[in-house]
Amino acid sequence: MESLDLEKMSVRDINQYLHKTLPGTDVTELEIINPTGEHNIAVGMDTECTIDVRGHAGYYLGGMNKKANITVHGNVGNGVAENMMSGSVHVKGFASASAGATGHGGTLVIDGDTGLRCGISMKGIDIVVGGSIGNFSGFMAQAGRMVVCGDAGEGLGDSLYEAVIYVKGTIKSLGADAQLEPMTETDHKALKELLDFAGFDHDPKEFKRVASAKQLYNWNADANQEY
Amino acid sequence: MSKHQHLEESVGFSSKTRDYIQRASSTGLYEIRGIGAKRALPSFDDLVFLAGSASRYPLEGYREKCSTKTVLGTRFAKNPIVLDTPITVAGMSFGALSANVKESLGMAATNMGTSTTTGDGGMTPEERNSSKTLVYQCLPSRYGFNPDDVRRADAIELVIGQGAKPGGGGMLLGQKVNARVAGMRTLPQGVDQRSACRHPDWTGPDDLAIKIAELRELTDWEKPIYIKIGATRVYHDVKLAVHAGADVIVVDGMQGGTAATQTVFIEHVGIPTLAALRQAVEALEDMDMFGTVQLIVSGGIRSGADVAKALAMGADAVAIGQGMMISLGCNSETYIKDGEHHSAEADYAALGTKAGFCHHCHTGKCPTGVTTQDPILEQRIEPKVGAKHVTNYIKTLTMELTTVARACGKSNVHHLEREDLVALTIESAAMAKLPLAGTSWIPGVTENK
């Protein structure tokens, strides 16, 4: 395993190694040690490999990731795996705001809780949260699936498009145009696969499904201030 | 009946105002339209140049060289943008504009050695392939935003606001969201697309600094990072953008255009480009960053004279949107197909408007094929013909710019300076902080002499 030490290298040096040097090697397993909350670690990965970040990281860990499977043995700041395209990011601790924001693909797993706006504007990513999520999560979520094993805060799924949210615990309130829908066998199957991938042992039948009522897809006067 | 009886319309409740009220009462929805502010505003028209005479030598207008080379992004980026003219193409989306129009703009920008810019909705292969220098916008919606296109771009423009609607998000009505547009934006076809007004993964200038650092890490510090702001509290916003690490700041004044937004935004939010530019320059000067961070100004730039005035006031370059559209045929009575002019009057009439008055970009039924996704209407712009017109437009503006610069004695358009300008009205003198013509009076700055 290749070890990169953030006490001896800068974030810029490490990212340039990951972008430019790594693809020409046969290294497939790496660890980054002493992250000490640095921002922008392993941003813009485009190589199939596993990366273990041993400690806490700051903003945008694994931002715009493609192909890499990144595990953080600690907590992360804002925007973990933002705009991820493929691969996976697994946070063993807690995540701050905007986790998985605008992600197009891949899977984000957070063992603990997340802050505000988890999955905001998500575009196809799958997000599985072992704990609870903050207010305004799933805002304008366009595609993909979000699983919440704990509770959800205020305004869940406001102005949803085609994304689907599964919640096991309580939902403080739904956002505009979000609605509870019956779970189907397809939902149970999809949920089981996501929970298994994340390593969480929950019964899919205990989850609720939140999706768009699609009443705000086109302007209408009766929607008043819902837009 | 008295022969002196006359009809007097209320100024406060004019026919325009009554139409507005009656429209609101019948629909329960605000008006959405395209194009920019239609009201009269203080503008570059209110400034004039003091050219060379006995006290200043002009250069020979047709013989002596006048450089238009423009370099943007010298602060941190390894590969700054080098342009042959300071006139760039502003960000406009595929979705608002057709693929043919985006290709036309890219071809013209390449012909003239300048840059073009993507918009809300991502980068199309047509515009990347046709554009030598392409600026890739990162907007709150992040529609179609992906790391491959970031790396394919020559610069990244983080859009915080737009002059036509600062504080508001993008908008694309369902009739323009066809299968291709919907696919690029990961949206259902035909949905009225509303973009967020705030970025999803950062709030405030301290976060913005980290976001910029992320984009630099993604691109290995190679590409310039622009920050675009809609003109409101420009002085403070420019300072925060500099603090956050911008290479280039784009200030978009309220005369800037849009493909669709609420009329109340277009006419009542933001400040004129003239005032915005002066505030932006002051902010850079106060931070000792003038010349280190480059400044692009946009919003109602139309002519070579406007460009020259913007540069004299301190801009490094301008970005033009509506002017480019008009050069392609927006609001023309005819469109060109197979080398022939064809009347578009019936199509304007179907929209309830006429050439010269049209602002129906939001409908997707553009009579001249500029702002449409309709498969028939979009054929009214042929990329090679469109590119020729836009090339001619940029060429003309560049020649006008150098003409004025030479007359002011400058061998480089970037040597134009505030001292070359005076204002024709008290309002413009106060906004631009330039002396009123024939006096040394700058309202709010000097005593009236």
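Two strands are said to pair if DSSP finds at least two bridges between them. Helices (H or I, at least four residues) and strands (E, at least two) are themselves DSSP runs, numbered from the N terminus.

Good morning. This is a predicted model, in which local features need pLDDT of at least 70 and side-chain atom pairs count only at pLDDT 80 or more, while totals for chains, interfaces and linings use all residues. Residues are numbered from 1 along each chain as its sequence is written, and chains are lettered from A and ligands numbered from 1 in the order in which they are written.

I begin with chain B. It holds 14 helices and 18 strands. Its C-alpha trace spans about 75 × 60 × 50 Å along the principal axes. The radius of gyration is taken over C-alpha atoms, and the globule rule is 2.2 Å times the number of residues to the power 0.38. For 449 residues a compact globule would come near 22 Å, and chain B, at 22 Å, agrees. A residue counts as buried if 20 or more other C-beta atoms, placed from the backbone, lie within 10 Å of its own; in chain B, 56% of the 449 residues are buried.

Now to the sheet of chain B. Eight strands form an open sheet with parallel pairing, in the order 5-15-14-12-11-8-7-6. Strand 5 (87-89) and strand 6 (115-117) of chain B lie at the edges with a single partner strand each, so one side of each has no neighbour in the sheet. On average, neighbouring strands of this sheet are turned by 30 degrees against each other, direction ignored; the axes behind such angles are lines fitted to C-alpha atoms, for helices over the stretch in contact, and angles run from 0 to 180 degrees between N-to-C directions.

Which residues of strand 15 point one way, and which the other? In strand 15 (residues 317-320) of chain B, B:A317 and B:A319 point one way, B:V318 and B:I320 point the other way, and all are buried. Three parallel bridges link strand 5 to strand 15 of chain B, with B:V318 as the bridge partner of B:I87. Three bridges also join strand 14 (residues 294-298) of chain B to strand 15, again running parallel, and B:I296 stands opposite B:A317. From strand 14 the chain passes through helix 10 (residues 304-313) of chain B to strand 15 in a right-handed β-α-β crossover. Right-handed here means that, with the strands pointing away from the viewer, the path from the first strand over the helix to the second runs clockwise.

Helix 7 (residues 234-244) of chain B has buried residues, among them B:V234, B:V238 and B:V242. Their cover includes helix 6 (204-218), strand 11, strand 12 and helix 9 (273-286) of chain B. After helix 7 of chain B comes B:G245, with a positive phi near 110 degrees.

Eleven strands form an open sheet of mixed pairing in the order 1-2-3-4-5-6-7-8-9-11-10. Its edge strands are strand 1 (2-5) and strand 10 (178-181) of chain A, each pairing on one side only.

Finally, the two chains meet. Residues are in contact if their C-beta atoms, placed from the backbone, lie within 7 Å. The contact takes 26 residues from chain B and 38 residues from chain A. On the side of chain B, helix 6 gives the largest share, six residues.

Key:
Buried ≥ 20, exposed ≤ 12 C-beta atoms within 10 Å, placed from the backbone. Contact = placed C-beta atoms within 7 Å.
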